[in-house]
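Please look over this protein chain with the report below in hand. It goes from the overall fold to single residues.

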Amino acid sequence: MRFSRNVPAAVLGLMVGLACVTPALAGHSRCTKEAADCAAAMREMFQERGWSGIEEKSRNDDSTITVGRVFPGSPADLAGLKSGDVIVSVNGITLSKLNEERLEAIFTKGFRIGTRLSIGLERGEESRTVRLTLERIPEAVLAARIERHGRERHTIARN
């Protein structure tokens, strides 16, 4: 799969965990797996995948990412990221269609727990670079993601 179609899953999911929005949270299409299988896959994925604490992100037309929520005490919070910041680069590579292959190579390697990231961002007229180290996703955050995926992506029998 090409990076341009994976940005919400890979970047938002990984930078997300910047893991953050996982493929489970991107968009609102139906999931074809069983809910229990998805939950198990998400738990397994986050055994090694790092988490930044950036959630509820959106991809912009120019391939940049606008930060929605930053979890208090998360690596992103400690690095100074705020809701509304626009991420323009990761590890010195500009988020753009021209850099899709280079970015895909970075994201394919995966952002593991302990991975250090350099994130270029814009906040209003200000440009800055922040550094953070990805951590293990807190259990409560992972459980909420799994629950939300089940609610949004799977048909639940109702009596």
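The sections below describe a predicted model.

## Overall layout

The protein chain holds 5 helices and 8 strands. Read from the N terminus, the order is α-α-β-β-β-β-α-β-β-α-β-β-α.

The chain has 159 residues, and 47% of them count as buried. Its accessible surface is about 8,600 Å². Carbon and sulfur atoms account for 49% of that area.

## Nonpolar cores

In soluble globular proteins, nonpolar side chains tend to be buried together. The largest nonpolar core here has 21 residues. Leu81, Ile87, Phe111, Leu117 and Leu132 touch the most other members. Five elements are listed as giving two or more residues to this core: α3 (75–79), β5 (86–90), α4 (100–109), β7 (116–123) and β8 (126–133).

Setting aside residues up to four places away in sequence, leucine 81 touches Ile54, Val67, Val70, Ala76, Ile87, Leu121, Arg123, Val130 and Leu132.

## Helix α5

Helix α5 covers residues 139–153, which makes 15 residues. At 1.5 Å a residue, the helix should span 21 Å.

Which residues of α5 are buried? They are Val141, Leu142, Arg145, Ile146, His149, Gly150 and Arg153. An α-helix has 3.6 residues a turn, so residues three or four places apart point the same way. The cover over the buried residues of α5 includes α2 (35–45) and β1 (54–55).

## Phenylalanine 71

Phenylalanine 71 sits in the loop between β4 (69–70) and α3.

Leaving aside neighbours within four places in sequence, phenylalanine 71 is in contact with Trp51, Gly53, Glu55, Asp77 and Val141. Val141 is also one of the buried residues of α5. Glycine 53 is 18 residues from phenylalanine 71 along the chain, yet their C-alpha atoms are separated by 5.1 Å.

## Rings and charges

Arginine 69 lies over the face of phenylalanine 71, at 3.9 Å from the ring centre. Arginine 49 lies over the face of phenylalanine 46, at 5.9 Å from the ring centre. The structure also holds 1 aromatic pair.

## Two positive phi angles

Most residues other than glycine have a negative phi, and most peptide bonds are trans. Serine 63 has a positive phi of about 80 degrees, although it is not a glycine. Serine 63 lies in the loop between β2 (58–59) and β3 (65–66). Its relative accessibility is 7%, so serine 63 counts as buried.

Asparagine 91 is not a glycine either, and it has a positive phi of about 50 degrees. Where is asparagine 91 placed? Asparagine 91 is in the loop between β5 and β6 (93–94). With a relative accessible area of 35%, asparagine 91 is partly exposed.

Technical notes:
Residues numbered from 1 in each chain as written. Predicted model: local features only at pLDDT ≥ 70, side-chain atom pairs only at ≥ 80, totals over all residues. Heavy atoms only, no water. Helix = DSSP H or I, 4+ residues; strand = E, 2+ residues; numbered from the N terminus. Buried < 20%, exposed > 50% of the residue type's maximum accessible area, 1.4 Å probe, protein only. Areas by Shrake-Rupley, 256 points an atom, 1.4 Å probe, with all protein chains shown as cover. Core = buried A, V, L, I, M, F, W, Y, C linked by side-chain atoms within 4.5 Å. Contact = heavy atoms within 4.5 Å. Expected span 1.5 Å × (residues − 1). Phe/Tyr/Trp six-rings, centres within 6.5 Å; stacked < 30°, edge-to-face > 60°. Lys NZ or Arg CZ within 6 Å of the ring centre and 35° of its normal.
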